[in-house]
Amino acid sequence: MDLIYMCFGVFFAIGGFSIFSIFGWRIFNWVWLRPRKLEKILRKQGFKGNPYKIFFGDIRELVKMLAEAKSKPIGLADDILPRVVPGDVHTVGKHGKNSFVWLGPRPLVYVMDPDSIKEVLNKSNQFLKVKGGNPLTKLLATGLVFYEGEKWAKHRKIINPAFHVDRLKNMLPAMYLSCNDIMNEWEKMVSADGQCEVDVYHYLENLTSDVISRTSFGSSYEEGRKIFQLQREQSALIIKASQSIYIPGMSLLPTKRNKRMKEIAKEVKVIVRSIIDKRLREIEGGGTNQGDLLGQETTSNTLVWAMILLGQHQDWQKRAREEVLQTFGNNKPDLDGLNRLKVVNMILLEALRLYPPVAAVGRSINEETKLGDATLPKGVILQIPVLLLHHDIQLWGDDAKQFNPGRFSEGVVKVTKGKASYLPFGWGPRICIGQNFAMLEAKMAMAMILQRFSFVLSPAYTHAPHTIITLQPQHGAHLILQSVQS
């Protein structure tokens, strides 16, 4: 019997040692062998970057640079890149456009050549949305933007009719109502002494979520607004979570942040389920589907940066107001008139160039893949640094960092020469399905603002662009509003 127990003991000891050895080998391969192999392959093909540092890579330095950049504002004439994307600026400045950084044990390769960018964004089945990392990031949202393959194609086909021009025309009344509510609030504030200081970002942020709530959620309007409030909080928490190396199992720890993120995800799920159930009951009772749409907001960012830019450049503000008044007078803007606003359209396009909603787009590959002259190994992350591209002098000329809506006088294709160098809504088959909705909403809001107000930057305005998922003014957008109506 003792011999039997001894045999079992040896067996379990050997088994335990084997499991430990396999686990240890995988960890060693993950944090050292595989990164060194990837680094060798990248350097052999001409990519440059810092030598790999075990486990952390460049993460600590990148987080430190970002924290320092965000700690102080910049001047209105200063380059925004070192503040918004200091890591990208440092890496590309030091190693050139064919460079990489280490996000822990994984290399991130910059893709800055327009032809390569077009290839990456056109081949959506080969270059995939970045997955992995902290699973808590999946708590933000699910939907079309996160799907791949057949599931993406199916949902895109279902949603696409909601953005047809006829459906967009039907959404104009909801857009007008939401804009008019804000305009009335501003008019009350201005009426006291003819002008007032307003942090317009707060209002515009609520405006765009209000529009989407009305057009998307119908009778569940208040629930829709609640979803957007929760998603904003979730975005801020996810940014914090993404600025550290994820170790498997960390998301299960009962930290205050983890618990709050899961609470938000659960609450959003309950609200959405309630809305769906209500819709099903309406349809079963003879109701109809009005082509509702669900989406994420970026319009508020476009509007706020456009107002900040027009607050600085009074000549363009005057030109835009003249165009709006010539088109509509003081009447309610209509679809045909909005589509004829050339100057306003140019201003919005330029605001999207200088301050794109998303500063960078990431992709991953699941197998060895050829891109241009390079052959990239499995496990590499690709990053298209949209903000860097939009400010690149080689692509946009010597005035690339300056506000010049006139560059879009003949359209986007003309100024970019058809290259993938202007990406506020992405590119290729996965280009943002809601871009027409976003531009129409922005034109409606801008037209109504210009009809009623002139504005300049307040002395209290602090220029501090930064990213929380989208590119936002860190300290708000304080403007001095004045009524233009007699």
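The largest cavity holds about 30 Å³ of space. This is a predicted model, and one cavity of 30 Å³ or more is found in it. The residues that line the largest cavity are Thr298, Thr299, Thr302, Leu352, Phe425, Ala438 and Ala442. Two elements, α11 (299-312) and α18, each give two or more residues to that lining. Sorted by class, the lining has four nonpolar residues and three polar ones, with no charged residue.

The loop that runs between α17 (412-416) and α18 (435-452) also holds Cys432. An unreviewed UniProt entry lists Cys432 under "binding site"; such an annotation may be inferred rather than shown by experiment. Is Cys432 buried, exposed or in between? Its relative accessible area is 33%, so Cys432 counts as partly exposed, a class that lies between the cut-offs of 20% and 50%.

Lys417 sits in the loop between α17 and α18 as well. With a relative accessible area of 68%, Lys417 is exposed. The backbone of Lys417 has a positive phi, near 55 degrees, in a residue other than glycine. Most residues other than glycine have a negative phi.

A positive phi also occurs at Phe55, which is not a glycine, with a value of about 70 degrees. Phe55 belongs to another loop, the one between α1 (2-44) and α2 (59-70).

Methods. Residues are numbered from 1 along each chain as its sequence is written. This is a predicted model: local features need pLDDT of at least 70, side-chain atom pairs count only at pLDDT 80 or more; totals for chains, interfaces and linings use all residues. Side-chain values use heavy atoms; hydrogens and water are left out. Helices (H or I, at least four residues) and strands (E, at least two) are DSSP runs, numbered from the N terminus. Buried means under 20% relative accessible area, exposed over 50%, partly exposed in between (1.4 Å probe, protein chains only). On a 1 Å grid over the protein atoms alone, a cavity is a set of points where a 1.4 Å probe fits but cannot get out, and a pocket is an open set with protein on both sides within 12 Å along at least five of seven lines; lining residues have an atom within 4 Å of a point. Grid points are joined across faces, edges and corners, and a volume is the space filled by probe spheres set on the points. Ala, Val, Leu, Ile, Met, Phe, Trp, Tyr, Cys and Pro count as nonpolar, Asp, Glu, Lys and Arg as charged, and the others, Gly among them, as polar.
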